[in-house]
Amino acid sequence: MAGQSDPHISLFSAEEVEFMAEDELIEIVPNMRMDPLNFICGDFGPFLPQIASQVPLWLAVALKKRGKCAIRPPQWMSVENLTRVLEGERESQGAFQVLPFHYVEISRLLFDHAREDIPDMYMVRSLIEDIRDVRIHKVETSLEKFSGTSAVKIPNLSAMEVNIIRPFVGRALQAFYKHDNPEKIPDVDRASSAQTRAANNEPRRQLRR
Amino acid sequence: MANYFNIDDILAEEEFVPVVFHKAANGVIIDPSSETNSVEQGAKVELPLWLAQDLYLRQAISISVPACFNQRTILGDERITDLNDWLLDTHKPFNALSSEGVLTRLEIQADAACVDLKSRSPYFYEFGCKIAPLGSLKVTSSRIEESKQCRIHALSLSLGCLASRPSKSNWSNKIVSNWVGDKTIEILLLSAFKIRYKEILTKAYTAAYTTASKFLTLLTKEESNLYEAAQVSMSAFKKWRMGGPRLQRASVLGRKRRSFE
Amino acid sequence: MHGRKAYELVKEFADGEKGHLKIFNLLRQSSIHAECFFLFIVVWDVIIQNELFERVIEECNEHHNALQSLIRKMQEEGLEVQTARNADHYGALIHHLSLIRNKRCLMAYVYNRAEIIRELAWKVGLLHELPGEIQEKFSDSEEQYFKDHSKSLKSYMSQLSLDVNVDMVPPKDPYIKVRVLEDLGSGIILSDKSANFARHSMHFLKRTDAEQYIARGLMEELTG
């Protein structure tokens, strides 16, 4: 109910992209004992205190909310790595640095629910925000280069970034395609079928000659 | 059929086209200058595209280029008329146009992004796409006066240098007897879209709504759809980033009336 | 000009806010709508507009009659209607095209409204009557359409034993905190509790129970 994902505007809402990101695995350190959990997506556990274990992000967040575990932030969320990525993003105008496909969603979920588990939380957060802003700006610059029908290839874009630009890019490419290939405009079909119709109305005597 | 229920497609076909009747038609009131309820052969009227299109395919009328596709639409500058007059008055050879002076003037006028296309036709592109293929049919519609030919040709020349510089010399060879078979409208649409696309992109993602709102009034339907697509997905992302309640009152119910307090 | 009324009808739909219904453009509803306006001139305008749908249908009939009389005339003159290309033929053709155009506009108007009406079932939910301010915008057949559509959705869901129109936003927690915005009284029994839902009271409810009240603006979700 109250569905916010509008099929006319975008394929996914931001919430839906986040939902998909919640299936990514992350390491937790439980502080309780629990039997293995058998899900459709796989089996997780058994959980033992102080023994690290891999679980889907949604489960990690649910356990964390109940104070049952600590979340280990992923490797790429370290200050050194993010500083390096940010530098890389700023240096190369064309290319994008390699980051997890769901880095925007994962980082937001962790900032919301596991802030005390992230060392240098404020530094990490501002680095990720900077990276995201630089990248989105770069996407826009690369979109400016569109000038006709062409396949668009922007490697290493993340899920959320793609989702933001998808409605615009889809429409723009469609328009470019339409104006670049006027003979492929669907309307021509209509016009030409009407043309044959008109032709059929002509007296047929000539054909029988 | 895919477009049958499409509202924009229907509205685009309501744009008017100047036509000349080759056949008389009885029992219809579409010629305001006629006293009887019929149309005479040779009558010049404006018809909505949906009607003109079919009559044209049945060779009952000829169509000329609607005013919104003349060159001032896209170049949006009074100075272009100078060029037009220059073309008409002197009948100079067209390749004289490629002299640097004229080209530069045309390039300066390339700020097509600021032209109010919407007032020309809110369905500039859709209308253009619908009318362009009509030109490629084998029907004699050579009723377009010489001035129009020259104008259109001046347009294709100027657009030629906007869109693809190297091919400008080809343009001078492409003096066609009328717009039929000429790719003028297609080229006009593509160049207009190319130039304006960039503006829409930058405005949609970066400009504040207040600065963009004036710009929005200049956009055609297709352009503002594009702008909106960018705006909506960006603001949905920003809203998600801020957090807050995930479940909300259905927007279809309209704005909340403040019943309490 | 031919087809102008039909154009106005479609234009009226296009000018409305996306995904929102306007009052169905028929004469009988004009009085309801007119109350909302204070200026006489606006009221007048609305009444004129509200009969558009009927006017277009009338126009279709006029085109049909004109078309028939032109064809009859051709037959009387002993012409082959299929092949003759005289002024009557082109007159008839114009009426024929106008008819088709009007039909397309009418169909598009009804079709696009029907799309919005179907969406209501997903956006506002099926468990209660639709709010009056929406219902009054329906035409009679649209009202019936919504009822039938909801009925078949409901029977589909009961066969599945699954509420397919909850969780349109990916869920987080099974329970959420809400505040009641309008006095709902104590007559409401939710799946796992019944309480007095007085205005401004706060509750911890099953998300799936609360969703429909939130969608209707009767409750709001509290976060943080």
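Biologist: Which residue in E3(C) does Arg179(C) stand opposite?

Modeller: This is a predicted model. E1(C) pairs with strand E3 of chain C, residues 219-222, in the antiparallel sense over 4 bridges. In that pairing, the residue in E3(C) opposite Arg179(C) is Glu220(C).

Biologist: How many bridges join strand E1 of chain C to strand E2 of chain C?

Modeller: Strand E1 of chain C covers residues 175-180, and strand E2 of chain C covers residues 202-206. Ile176(C) stands opposite Leu205(C) in E2(C). The two strands run antiparallel, and the number of bridges joining them is 5.

Biologist: What is the order of the open sheet of 3 strands in chain A?

Modeller: The edge strands are E4 (53-56) and E5 (69-72) of chain A, each pairing on one side only. Strand E1 of chain A, residues 25-30, pairs with E4(A) in the antiparallel sense over 4 bridges, with Ile26(A) opposite Val55(A). The pairing in the sheet is antiparallel, and the order is E4-E1-E5.

Biologist: What does the twist average from one strand to the next in that sheet?

Modeller: The sheet is open and has 3 strands in chain A. From one strand to the next, the twist averages 45°.

Biologist: What percentage of the residues in chain A is buried?

Modeller: Chain A has 8 helices and 5 strands. A residue is taken as buried if 20 or more other C-beta atoms lie within 10 Å of its own. Of the 209 residues in chain A, the buried ones make up 31%.

Definitions and conventions:
Residues are numbered from 1 along each chain as its sequence is written. Chains are lettered from A and ligands numbered from 1 in the order in which they are written. This is a predicted model: local features need pLDDT of at least 70, side-chain atom pairs count only at pLDDT 80 or more; totals for chains, interfaces and linings use all residues. Two strands pair if DSSP finds at least two bridges between them. Axes are lines fitted to C-alpha atoms, for helices over the stretch in contact, and angles run from 0 to 180 degrees between N-to-C directions. A residue is buried if 20 or more other C-beta atoms lie within 10 Å of its own, exposed if 12 or fewer, and partly exposed in between; C-beta atoms are placed from the backbone.
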